[in-house]
Amino acid sequence: MKFLHSFVCGCCLVFTFPAQADWPQWRGPTRNGITDAKTSLPAQLTEENAPVKVWDSDKIPSDREGGHGSVSIADGKVFLSVVWHSAEPSQTRQIDRDVLANLGYRGTSSIAPEVVEKMETDRMNLSRRLRGSALDEWSKEWVETNIDPKTQLSLGSWIAGRFKQGPAAIPLPVYETLLEVSKEPFANQAELESWTDAQNFDPAVRTKILAAVPDTVKVAEDVVLCLDAETGSEIWRFSEPGTPTGRNSSSTPAIADGQVYAVLSENIYCVDADDGSEIWRAPLEGKKGPASSPLVHEGKVYLQQSRLSAFDTKTGEELWNNDAVSTVNPSPALWKDVVLCNSKNELIGVDAYAGGTLWKVPGGGDGTPVVSGDYVIINSKIEGKNLMAYRMTDEKPIEVWSIDFLARRYGSSPVITDDHVYYLGSSRHLCIDLKTGDIKWEREAQSSLSSPLLADGKLLVYENKGGFASIIEAVPDEYRVLGRAKIGALYCASPAMVGRDLFLRTKEGVSCFRFP
């Protein structure tokens with residue numbers, strides 16, 4: 001595969017990517033959600049020119065069984081890395097996080113103890129006459145009166161659900177007891193039942209717990225899949241024993257110089273793009289199964305794995321690491337010779353060659369920094385500064401503007417084009433002047449975690465939990481939706497596009513849609 005260097009937006013940001021139209025890494029050729037110039041979208045999306053499904057792959061698990069990683073495309077092949085979970089019959093029994101989730105557990109640390117106590121007291125003393133729409137209205141009013149707006153986004157519906165269950169809801173102290181034993185399995189069913197009997201749970205609660213614990217154990221394989229971009233058929237599959245990591249493992253592979261770099265549960269792997277043969281592997285020293293997607297640049301693979309690590313592309317040797325970077329969900333980006341990392345509470349600049357920390361500025365979030373010239377845009381969890389713009393200098397970034405909005409999730413990464421920032425996530429669509437921070441338009445929208453792409457001056461974004469793809473004109477003067485099409489995507493993953501073909505992850509696998 002032949003590669004060339006491309007200078008993006010007139011700055012010294014350099015990426016290596018295929019000369020033909022490909023999508024070889026997380027967020028595309030230049031890691032900013034912008035497609036190759038040859039890619040185009042219709043001027044208006046109608047029934048006549050809606051994308052048509054070309055193929056579905058064989059079944060590939062997602063979410064708790066396979067994560068939310070997106071696909072990469074290179075040389076007519078589609079690549080996906082998956083920590084592939086399955087269940088095997090077992091004598092052991094475990095009350096793990098999935099069991100707790102199925103039993104309705106949610107953490108309440110964001111709610112004051114006295115409010116939690118009031119919630120449980122009111123739940124136990126609900127009038128039997130309060131039911132149906134009257135109960136719904138009462139629950140809504142209770143939440144709005146007692147819970148702050150930010151916590152309402154994450155726990156409001158859960159609280160209302162507990163009121164609907166009334167006295168039948170599992171008491172919160174029971175969850176705490178279950179959490180204490182969640183990390184160690186019971187030897188068999190008899191031991192599990194003996195333990196539950198010893199807790200003196202209410203009989204109905206005991207029945208719910210025993211019914212929720214499976215008679216299987218989770219196992220996992222680290223899998224890299226290569227599919228034919230025209231047919232969806234499997235070309236090769238790389239597979240090694242892995243560790244169950246649930247939905248945390250949501251990394252997107254990077255393809256460069258004929259090699260695939262895939263981050264899975266216990267290792268980062270480098271395999272041959274033609275046949276899937278292993279070239280090298282390197283152990284992950286941080287949290288197992290990070291969601292961060294690898295960045296390949298001038299002989300190094302950069303990865304956020306509870307620290308920023310730089311691996312040699314030829315050998316897999318860890319050349320250096322930086323412990324100042326402490327997160328596993330965001331993916332790194334580049335500005336000149338600086339690796340940009342959204343960390344826990346900061347945006348951190350790291351020397352791309354030596355690995356030293358160059359500077360730290362406020363930031364921190366799950367999104368990937370987006371670069372345009374000397375501007376960097378990040379989303380963050382900082383109160384009052386959920387979208388931030390920095391102007392880069394040789395010393396350190398200078399904050400230019402920030403925008404505040406309330407959302408449940410801040411994971412979507414923006415697109416920058418023609419001196420405007422398009423943020424299509426966190427339940428809103430925003431257009432902002434890159435240099436001034438002036439909001440040109442803003443709309444409520446059902447777009448959440450997925451990051452949009454830009455093709456032919458138009459934005460493609462998931463809506464309604466991935467059920468639809470909307471096309472929006474990327475212009476600041478007016479919010480113009482050019483149509484939408486039903487696609488059934490996995491809403492936490494992000495779309496990829498090559499030519500007229502839209503590639504997306506679904507709950508059951510990978511699909512390809514083609515625009516006429």
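Trainee: In which element is V82 found?

Mentor: V82 is found in strand β5, which covers residues 77-89. Keep in mind as we go that this is a predicted model.

Trainee: Why does V82 count as buried?

Mentor: The cut-off for buried is under 20% relative accessible area. V82 has a relative accessibility of 0%, so it counts as buried.

Trainee: Which residues does V82 touch, not counting those up to four places away in sequence?

Mentor: V82 touches I60, P61, G66, E221, D222, V223, L264 and R505. Contact here means heavy atoms within 4.5 Å. As for spacing, the C-alpha atoms of V82 and S250 are 7.6 Å apart in space, while the two residues are 168 apart in sequence.

Trainee: Let's turn to charged pairs. What makes R514 and E230 a salt bridge?

Mentor: The rule asks for a side-chain nitrogen of Lys or Arg within 4 Å of a carboxyl oxygen of Asp or Glu. For R514 and E230 the N to O distance is 3.4 Å, and the side chains meet in a salt bridge. This pair links distant parts of the chain, 284 residues apart: R514 is in strand β34 (residues 510-514), and E230 is in the loop between β6 (216-228) and β7 (234-242). By the rule, the count comes to 26 salt bridges.

Trainee: Is R514 buried, exposed or in between, and how do you know?

Mentor: R514 has a relative accessibility of 22%, so it counts as partly exposed. Under 20% would be buried and over 50% exposed.

Trainee: How do you know that R514 forms a salt bridge with D501?

Mentor: The closest N and O atoms of R514 and D501 are 2.6 Å apart, and the limit is 4 Å. R514 lies in strand β34 and D501 in strand β33 (residues 501-505), so this pair ties together parts that are 13 residues apart in sequence. D501 counts as buried, because its relative accessibility is 9%.

Trainee: What about E240 and R281?

Mentor: Their side chains meet in a salt bridge with an N to O distance of 3.1 Å. E240 lies in strand β7 and R281 in strand β11 (residues 278-283), so parts that are 41 residues apart in sequence are tied together. Both ends fall between the cut-offs of 20% and 50%: E240 counts as partly exposed at 24% relative accessibility, and R281 is partly exposed at 35%.

Trainee: How many disulfides does the structure hold?

Mentor: The structure holds zero disulfides. A pair of cysteine sulfur atoms would have to be within 2.5 Å.

Trainee: Why is C270 too far for a bond?

Mentor: The cysteine sulfur closest to that of C270 belongs to C226 and is 14 Å away, so the pair is too far apart for a bond. C270 is also buried, with a relative accessible area of 0%.

Trainee: Does R123 count as buried or exposed?

Mentor: Buried, because its relative accessibility is 3% and the cut-off is 20%. Leaving aside neighbours within four places in sequence, R123 is in contact with R162, F163, G166, P167, A169 and P171.

Trainee: How do N464 and K465 stand against the accessibility cut-offs?

Mentor: N464 is partly exposed, because its relative accessible area is 31%. K465 has 65%, so it is exposed, the cut-off for that being over 50%.

Notes
Residues numbered from 1 in each chain as written. Predicted model: local features only at pLDDT ≥ 70, side-chain atom pairs only at ≥ 80, totals over all residues. Heavy atoms only, no water. Helix = DSSP H or I, 4+ residues; strand = E, 2+ residues; numbered from the N terminus. Buried < 20%, exposed > 50% of the residue type's maximum accessible area, 1.4 Å probe, protein only.
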